[in-house]
Amino acid sequence: MTSLATGPARGLALGPRLHPGDDLAPLPPLEGARWLTGWTVEPWVVLGVALVGGLYLLGVRRLRARGDRWPLGRSAAFVLGGLGLFVVATMSSLATYDTTLLSVHMIQHMILSMAVPIFLALGAPVTLALRTLPPSPRRLLLTVLHSRVVKVLSFPPLVFALYVLSPWALYFTGWYDATLHSVLVHELMHIHLVVVGSLFFWPLLGLDPVPGRVSYPLRLLLIFLTLPFHAFLGVTIMGQSTLVAGQYYPTLPMAWLPDAYDDQRFAGALLWGSGDLVALLLFAVFFTQWVRSSMAEARREDRRLDRIERREAAAARGPGPGAG
């Protein structure tokens, strides 16, 4: 693994990255320009993002080539918002320092579990695939969407429980400590956060025809119910007298690091505050969608009533003079 490190004597250069399970190599303080320059080159991220983004843009190109419209906002949400934030979370200074500071990891956690899934869902990739895939792959995708496994994984109560309980399992079992000592477990945690977040937010946003979609009142209720879980988890992390991951952080060979307990309290505050902020933004999104859906339904009902009125008026006038 390599990272873009800014040492005092050599400027911007390739250097070793502090990585789970490795002999810990000191990193420079995370401050100032280091937030922008402390990037880590992860080939699997580069290849994966290029493949997924390329397939999405290819679908958009095919759609527009045949004269169909695809909103630019959806493309921007998927490519720049979803994939872009995934790159930031897994290759920027957040990734370089995610095993050095719990607070940095917590920022990464919230991006991967909330921001990335929301933006990916706003890109409506399933709808795009259904509109652009050849018949055989399209039938396969429809079979998967209607399979029993997908229906179970998208069952709202199950997904809600998985979404709110998995962070507790991560930070209050040996799972998080394992991510600090195993590269594989560390990367699997990142994937887990995105997958669980996607299972929760994809049906709630309701843009793609995926199982598990619920009515707008229930969507608002589910988001509202997540607020106390995030808040309680954040407060619990802030107030506990033991360190997350035991004595891992105090043993790191960097004198600039803050007190581990202070950083843990900051991490808990970030979890609490960012969870509430994202939930409030989702409330605004859902309310806007709800209003637009109601207005569209009202227009459809007006058109239906107009048709009925015209038919009744025509029937009242009776047949024309030359009829019969």
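Okay, one definition before I start: a residue is buried if its relative accessible area is under 20%. Keep that cut-off in mind, and keep in mind that this is a predicted model.

So, first stop, A124. Its relative accessibility is 0%, so A124 counts as buried. You'll find A124 in the loop between α5, residues 102-122, and α6, residues 125-132. What about its backbone? Phi of A124 is near 50 degrees, which is a positive value in a residue other than glycine. Most residues other than glycine have a negative phi.

A245 is another one with a positive phi, near 70 degrees, and again the residue isn't glycine. This alanine, A245, is in the loop between α12 and α13, and α13 covers 260-317. Buried or exposed, at 15% relative accessibility? With the cut-off at 20%, A245 counts as buried.

Okay, on to the aromatics. Searching the whole structure turns up 12 aromatic pairs. Let me show you F160 and F229: the ring centres are 5.9 Å apart and the planes sit at 80 degrees, so that's an edge-to-face pair. Where are these two in the chain? F160 is in helix α9, residues 156-171, and F229 is in helix α12, residues 216-239, so the pair ties together parts that are 69 residues apart in sequence. F160 is buried, at 13% relative accessible area, whereas F229 is partly exposed, at 33%.

Then there's F200 with F201, an edge-to-face pair too, with 5.0 Å from centre to centre and 75 degrees between the planes. F200 and F201 are both buried. And if you put these together, F160, F200, F201 and F229 belong to one aromatic cluster that also includes Y163.

Now, F200 and F201 come up again when we look at how helices α11 and α12 meet. Helix α11 is residues 183-205, and its axis comes within 10 Å of the axis of α12, crossing at roughly 145 degrees. The crossing of α11 past α12 is left-handed. Who's touching whom? On the α11 side you have F200, F201, P203, L204 and L205, and they meet R219, L222, I223 and T226 from α12. By type, the residues of that contact split into 7 nonpolar, 1 polar and 1 charged.

Last one, an arginine and a tryptophan. The charged end of R74 sits over the ring of W70, 5.0 Å from the ring centre.

That's my tour, happy to take questions.

Terms used. Residues numbered from 1 in each chain as written. Predicted model: local features only at pLDDT ≥ 70, side-chain atom pairs only at ≥ 80, totals over all residues. Heavy atoms only, no water. Phe/Tyr/Trp six-rings, centres within 6.5 Å; stacked < 30°, edge-to-face > 60°. Helix = DSSP H or I, 4+ residues; strand = E, 2+ residues; numbered from the N terminus. Buried < 20%, exposed > 50% of the residue type's maximum accessible area, 1.4 Å probe, protein only. Lys NZ or Arg CZ within 6 Å of the ring centre and 35° of its normal. Axes fitted to C-alpha atoms, helices over the stretch in contact; angles between N-to-C directions. Left-handed = near helix turned anticlockwise from the far one by under 90°. Contact = heavy atoms within 4.5 Å. Nonpolar A, V, L, I, M, F, W, Y, C, P; charged D, E, K, R; others polar.
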